[in-house]
Amino acid sequence: MPLSPIYSKTITIPGSAIDENGHVNNVAYVQWMQDIAVEHYEYIGGTNPMQLVGATWVVREHRIEYLLPPFVGEEMEIKTWVENIRRVRSLRRCEFVRKADGKVLVRGETDWVFVDVKTGLPRAIPEEVSKVFAITQEK
């Protein structure tokens, strides 16, 4: 089965994600962005090559744009894709879409840095890791 350039999943917004204003707390989006990034990376087979070279991904920056508030019990599709890969960094984007009407609720992006697990320093993304992303971008 070919890998899709966009990875997605649907969730039902739980009561635990709702804040005192009655809509999804901003912290929940950061958690969902990280969770789907990890799921996507595992799905495309990135975990093993990363571990074999003794490295990991760490977050440098999250940016989130809130457009419309979702509410408890609504179904929301979370979509993610890798926008680009640079020497030691990769930009991943996310969209949160309400299933009932197809409206984009939130857009986000995360700047990830490839880091050596022993030194904690950024390192160049080796070919065995970058080619995992290239597979998803070709399809």
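Five strands form an open sheet, and their order is β1-β3-β4-β5-β2. The pairing is antiparallel. Strands here are DSSP runs of E, at least two residues long, while helices are runs of H or I of at least four residues; both are numbered from the N terminus. Two strands count as paired if DSSP finds at least two bridges between them. Strands of a sheet pair through backbone hydrogen bonds, either parallel or antiparallel. The edges belong to β1 (7-12) and β2 (55-66). Each has a single partner strand, so one side of each is left without a neighbour in the sheet. From one strand to the next, the twist averages 25°. Such angles run from 0 to 180 degrees between N-to-C directions, with axes as lines fitted to C-alpha atoms, for helices over the stretch in contact.

The model is predicted: local features need pLDDT of at least 70, side-chain atom pairs count only at pLDDT 80 or more, and totals for chains, interfaces and linings use all residues. Residues are numbered from 1 along each chain as its sequence is written, and side-chain values use heavy atoms, with hydrogens and water left out.

Now take the pairs in turn. Strand β3 (residues 75-85) and strand β4 (residues 89-98) pair in the antiparallel sense over 9 bridges. Met76 has Arg98 of β4 as its bridge partner. β4 also pairs with β5, again antiparallel, over 9 bridges. Here Arg89 has its bridge partner in β5, namely Val113. β4 and β5 form a hairpin with 5 residues between them. In its turn, Gly102 has a positive phi of about 75°. Next, β2 and β5 pair in the antiparallel sense over 11 bridges.

How many residues of β5 are buried? The count is 11 of its 13, which leaves the strand mostly covered. Buried means under 20% relative accessible area, exposed over 50%, and partly exposed in between (1.4 Å probe, protein chains only). Thr110 lies in this strand, β5 (residues 104-116). Its relative accessible area is 3%, so Thr110 is buried. Opposite Thr110 stands His62. The side chains of Thr110 and His62 make a polar contact at 2.9 Å. A polar contact is a pair of N or O atoms within 3.5 Å; within protein, one must be able to donate a hydrogen and the other to accept it, and residues adjacent in sequence count only if both atoms are side-chain atoms. Beyond four places in sequence, Thr110 is in contact (heavy atoms within 4.5 Å) with residues including Met33, Val59 and Ser90.

Helix α1 (residues 26-43) lies across β1, β2, β3, β4 and β5. The helix runs at about 135° to β2. Trp32 sits in α1. Trp32 counts as buried because its relative accessibility is 14%. Leaving aside neighbours within four places in sequence, its contacts include Ile11, Met76, Ile78 and Phe96.

Finally, the largest pocket. A pocket is an open set of points on a 1 Å grid over the protein atoms alone, where a 1.4 Å probe fits, with protein on both sides within 12 Å along at least five of seven lines; lining residues have an atom within 4 Å of a point. The volume of the largest pocket is about 230 Å³, taken as the space filled by probe spheres set on points joined across faces, edges and corners. The lining has 13 residues. Ala37, Val38, Tyr41, Trp57 and Trp112 lie nearest the centre. At least two lining residues come from each of α1, α2 (47-52), β2 and β4. Which element gives the largest share of the lining? That is α1, with 4 residues.
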